Amino acid sequence: MKKALIRWGSLVLCLLLLSSCGQVFSGGQLQKAGLLVPDTINDQVWGTKGYKGLLKIQSTYDIDVYYKEGMNSQLVVERAVKEFSKKGVNLIFGHGNEYAEYFNQISAQYPDIQFVSFNGDAQNENTTSLNFEGYAMGFFGGMVAGEMTATNIVGIIAAFEWQPEVKGFIDGVNFQNDEADVKIHYVENWDDAHKAAGLMDKLVIEKADVVYPAGDGYNVPVIEKVKEHGLYAIGYVSDQSHLGKSAVLTSTIQHVDHLYEIVAEQFHNGELQSGNLSFDFQEDVISLGAYSPELSPTFIQQLNAAVKKYKETGNLPTEPS
């Protein structure tokens, strides 16, 4: 009787620990993987990175993979998931924060599938949200902008107010240059290049000479406009130095493709937790991109030291050097 009570107590303790830390999905090994993107895999930024991650999973595990574009409503997502399920897919990536809510609604119907989204709130046992800790990458990008502005006016064209990299960027600018003023405009959309171009025109009028286009669907056309005006930019999501090594000072990179590999490995090994998971520089899924030759060697050394310290300690700089 005493042994039975001990076993029962141990079971209760395990359940409590799982509920507080996130449960591990028990669906078994990776069989086939699927990807849903809200727009296209050919945008050369966010969607393309997701597709590259899917191809890496295919190569590593020698499995069939599937993707669907234009998955931007609950109805089309439900249809796609049903189709993936019939094909034997047991790991589905929803490539955006909107998929967290979609997956919360339908995941109970597919207990043998693990649903993975980004920057959302995963609520069910077989749902996981991957959250990029964007504050630090924004901070380091802001340091670069604060260092390089000549007008002491820096601009941000952000998608949404909630983006942690936006707050980080502002703080990084102010850390590096306490005389700089940060002008911020919101697109309220990840992909509206037309509106973003209009906001870029406003920043030109406001005399901003370094611009951070923090939206994956419009950052490339904004950077092209930055180059037309002879200004500087900080790239976003991918390394965008190829757009102009003199114009793009550095980039704040989210290595989505590598994160896909990490998640697939954890799932395949039965280690992927449900709930909301966070990733940062320490997991090598966030980094800075190539530096422009416009940056001084002394500043690059200072920046690299700050990044190294953050990776080792989790502490950002507190006083300008």
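Ile92 has Phe115 of strand β4 as its bridge partner. The strands β3 and β4 run parallel and are joined by three bridges. Strands here are DSSP runs of E with at least two residues, helices are DSSP runs of H or I with at least four residues, and both are numbered from the N terminus. Two strands count as paired if DSSP finds at least two bridges between them.

The model is predicted, so local features need pLDDT of at least 70 and side-chain atom pairs count only at pLDDT 80 or more, while totals for chains, interfaces and linings use all residues. Residues are numbered from 1 along each chain as its sequence is written, and side-chain values use heavy atoms, with hydrogens and water left out.

**The six-stranded sheet**

Strands β3 and β4 belong to an open sheet of six strands in the order β2-β1-β3-β4-β5-β11, with parallel pairing. Its edge strands, β2 and β11 (275-279), each pair on one side only. From one strand to the next, the twist averages 20°. In a regular strand, side chains alternate between the two faces of the sheet.

Helix α9 (residues 256-268) lies across β1, β3, β4, β5 (127-132) and β11. This helix runs at about 155° to β4. Axes are lines fitted to C-alpha atoms, for helices over the stretch in contact, and angles run from 0 to 180 degrees between N-to-C directions.

The expected span of a helix is 1.5 Å times one less than its number of residues.

| Helix | Residues | Number of residues | Expected span | Distance between end C-alpha atoms |
|---|---|---|---|---|
| α7 | 193-205 | 13 residues | 18 Å | 19 Å |

Which residues of α3 are buried? They are Val77, Ala80, Val81 and Phe84. Buried means under 20% relative accessible area, exposed means over 50%, and partly exposed lies in between (1.4 Å probe, protein chains only). Seen down the axis of α3, these buried residues fall within an arc of 100°, so they line one face of the helix. The arc is that of the directions from the helix axis to the C-beta atoms. An α-helix has 3.6 residues a turn, so residues three or four places apart point the same way.

Arg79 and Lys86 are exposed, on the face of α3 turned away from its buried side. The cover over the buried residues of α3 includes β1 (33-36), β2 (65-68), β3 (91-94), α4 (99-106) and β4 (114-118). After α3 comes Gly88, with a positive phi near 90°.

In α7, the buried residues are Ala196, Leu199, Met200 and Leu203. They cover an arc of only 110° around the axis, which puts them on the same side of α7. The face turned away from that buried side carries exposed His194 and Ile205. Elements that cover the buried residues of α7 include β6, β7 (181-186), β8 (210-214) and α8.

Asp192 caps the N-terminal end of α7, with a side-chain oxygen 3.3 Å from the backbone nitrogen of His194. Lys207 follows α7 and has a positive phi, near 75°.

Strand β6 (residues 153-158) contains Ile153. This residue counts as buried because its relative accessibility is 17%. Contact means heavy atoms within 4.5 Å. Not counting residues up to four places away in sequence, Ile153 touches Asp181, Lys183, Glu206, Lys207, Ala208, Asp209 and Val210. Ile153 and Lys183 are 30 residues apart along the chain, yet their C-alpha atoms are separated by 7.1 Å.

Asn219 belongs to helix α8 (residues 219-228). Is Asn219 buried or exposed? At 0% relative accessibility, Asn219 counts as buried. Leaving aside neighbours within four places in sequence, Asn219 is in contact with Val45, Pro213, Tyr236 and Gln240. The side chains of Asn219 and Gln240 are joined by a polar contact of 3.4 Å. A polar contact is a pair of N or O atoms within 3.5 Å; within protein, one must be able to donate a hydrogen and the other to accept it, and residues adjacent in sequence count only if both atoms are side-chain atoms.

**Strand β10**

Seven of the seven residues of strand β10 (residues 248-254) are buried, so this strand is largely enclosed by the rest of the structure. Strand β9 (residues 232-237) runs parallel to β10 and is joined to it by five bridges. In this pairing, Ala233 stands opposite Val248 of β10. Strand β12 (residues 286-288) pairs with β10 in the antiparallel sense over three bridges. Here Gln254 stands opposite Ile286 of β12.
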